[in-house]
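Below are my notes, in numbered points, for you to read beside the model.

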Amino acid sequence: MVRGRISRLSVRDVRFPTSLGGHGSDAMHTDPDYSAAYVVLETDAEDGLKGYGITFTLGKGTEVVVCAVNALAPHLLNKDLGDIVGDFRGFYRQLTSDSQLRWIGPEKGVVHLATSAVLNAVWDLWAKQEGKPLWKLLVDMDPRKLVSCLDFRYITDVLTEEEAYEILQKGQVGKKEREEQMLAHGYPAYTTSCAWLGYSDTMLKQLCSKALEDGWTRFKVKVGADLQDDIRRCRLIRNMIGPEKTLMMDANQRWDVPEAVEWMAKLAEFKPLWIEEPTSPDDILGHATISKALVPLGIGVATGEQCHNRVIFKQLLQAKALQFLQIDSCRLGSVNENLSVLLMAKKFDSNKKSHRFSFTSPSLPYLALSGNLSSLLVPVCPHAGGVGLCELVQHLIIFDFISVSASLKDRMCEYVDHLHEHFTYPVIIKKASYMPPKDAGYSTEMKEESVKKHQYPDGEVWEKLLAAQGN
């Protein structure tokens, strides 16, 4: 039985000065300080059970997310965990339908980031009480119970509760074998760590060489600031990794729609599998236009890390505006909303033919020119990196393979080699694959020493930096 009354909620502003080394830099975010609003839920359980949750930010503005978390706190305090998870859909609806807070959303922006942090902590609490890693909690859960955790409001024109249940029921077949496969081999990953826009050519070469030695075969490069520099850097990395390795590109929302098409026509010679976030993440029809224009070039469109909610994903799927769907564990409303997107993607897969993009065959690193957009499947390839995103999203994508998609075809999860040392249960990567976590919880707990040192603005790290800057 799930027990434990939530007796206290605390939230802290934790920032890492990654901008000093150019880590995380791209065409739109040139000086990010990887940060998090870090939530701790304490309970009255005899064993002192706590739940930890985070949402990812880039430095400035984290204090605003912290304020939003505190505004949501009354919805959790003195609630029994059993009551919350016993009607998780109702609790999710309550949290996202606070009539006054909803006005500054709804279900998007700062309030939704705060919602994610709070709910991530609830899921961590639940998984810990069950003594299971989150992915295993989800895999073992009765399909009807799992569906009851999801809010289908606004998406029933694409996915009903009964359809979601049927997908999960079908996913029971072969589930044990797929779980064993994950435990033995892990989930395939790609690396973004080698080619941040702020890195020098020397660093790019060093990091690429090291990644190749470590067995990485899939690489992503940041583009979008300067065309000639992009051509030079893409040529450099393609020459290093060779023609048989997979290359992706990421513009981080930099371009207008026509500009995206023109720019990618110039980069097509480097055979990218996809261009990620080519324009505004809110421009669904713009993404559709770009997708259609890039088919003859064999380039797909990927997006999702800044999609506000399940409704945006629904419309991207309906408009055939993307070929690779990227969920984010801290942008959407935690596990609840991410699962609804995974299930929508599966339904779209089921409704389409088998013609796909392919990165598995060296001879077919991009789409054949026959490209009929209506026949493309939409594999889920999550966004990760940041502070804790890899730790969290691994649970979702492992669950997706075991219980929903049942396929690794054209699927991979992003990996960034930053800041894992600050987590109590960091990711484990072997042979360029995520190995399933075995510790109970959502892998969200940070080391207290790291939190204290990096708390903004009074942590040791920031006191020194701000003093040096004269602030």
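**Notes on pockets, fold and local geometry**

1. Helix α10 (residues 201–213) is the main contributor to the lining of the second largest pocket, giving three residues. Helices (H or I, at least four residues) and strands (E, at least two) are DSSP runs, numbered from the N terminus. This pocket has a volume of about 250 Å³ and a lining of 13 residues, with Ser-193, Lys-210, Asp-214, Trp-216 and Asp-417 nearest its centre. By class, its lining has seven nonpolar, three polar and three charged residues. Here Ala, Val, Leu, Ile, Met, Phe, Trp, Tyr, Cys and Pro count as nonpolar, Asp, Glu, Lys and Arg as charged, and the others, Gly among them, as polar.

2. A word on the basis of these values. This is a predicted model, where local features need pLDDT of at least 70 and side-chain atom pairs count only at pLDDT 80 or more, while totals for chains, interfaces and linings use all residues. Residues are numbered from 1 along each chain as its sequence is written, and side-chain values use heavy atoms, with hydrogens and water left out.

3. The largest pocket has a volume of about 770 Å³. Its lining has 40 residues, and Pro-32, Asp-33, Thr-57, Leu-58 and Gly-59 lie nearest the centre. Both β3 (50–57) and α18 (460–468) supply at least two residues each to this lining, which divides into 15 nonpolar, 14 polar and eleven charged residues. On the method: on a 1 Å grid over the protein atoms alone, a cavity is a set of points where a 1.4 Å probe fits but cannot get out, a pocket is an open set with protein on both sides within 12 Å along at least five of seven lines, and lining residues have an atom within 4 Å of a point. Grid points are joined across faces, edges and corners, and a volume is the space filled by probe spheres set on the points.

4. The structure also holds four cavities of 30 Å³ or more, and the largest cavity has a volume of about 70 Å³. Its lining includes Leu-72, Asp-98, Gly-105, Pro-106 and His-112. α3 (88–96), α4 (99–102) and α5 (109–130) each supply at least two lining residues, with α5 giving the most, three. Five nonpolar, four polar and three charged residues make up this lining.

5. Which peptide bonds are worth a look? The bond from Gly-105 to Pro-106 is cis, with omega near -15 degrees, and Pro-106 sits in the loop between α4 and α5. The bond from Tyr-456 to Pro-457 is also cis, with omega near 0 degrees; Pro-457 is in the loop between α17 (448–454) and α18.

6. For the overall fold, the protein has 18 helices and twelve strands. Its radius of gyration is 21 Å, close to the 23 Å that the globule rule gives for 471 residues, so the protein is as compact as a globular protein of that length. That radius is taken over C-alpha atoms, and the rule is 2.2 Å times the number of residues to the power 0.38. The C-alpha trace spans about 60 × 60 × 45 Å along its principal axes. Of the 471 residues, 61% count as buried (under 20% relative accessible area, with exposed over 50% and partly exposed in between; 1.4 Å probe, protein chains only).

7. Thr-43 is in strand β2 (residues 35–43) and counts as buried at 11% relative accessibility. Its side chain reaches the backbone oxygen of Leu-49 at 2.8 Å, and a polar atom of that side chain lies 3.3 Å from the backbone nitrogen of Ala-45. Beyond its neighbours within four places in sequence, Thr-43 is in contact (heavy atoms within 4.5 Å) with residues including Gly-4, Arg-5 and Leu-125.

8. Finally, some backbone angles to check. Most residues other than glycine have a negative phi, and most peptide bonds are trans. Lys-271 has a positive phi, near 55 degrees, and is partly exposed, with a relative accessible area of 31%. Ala-432 has a positive phi near 60 degrees and counts as buried at 7% relative accessibility. Just after α14, Lys-320 takes a positive phi of about 55 degrees.

Conventions
A polar contact is a pair of N or O atoms within 3.5 Å; within protein, one must be able to donate a hydrogen and the other to accept it, and residues adjacent in sequence count only if both atoms are side-chain atoms.
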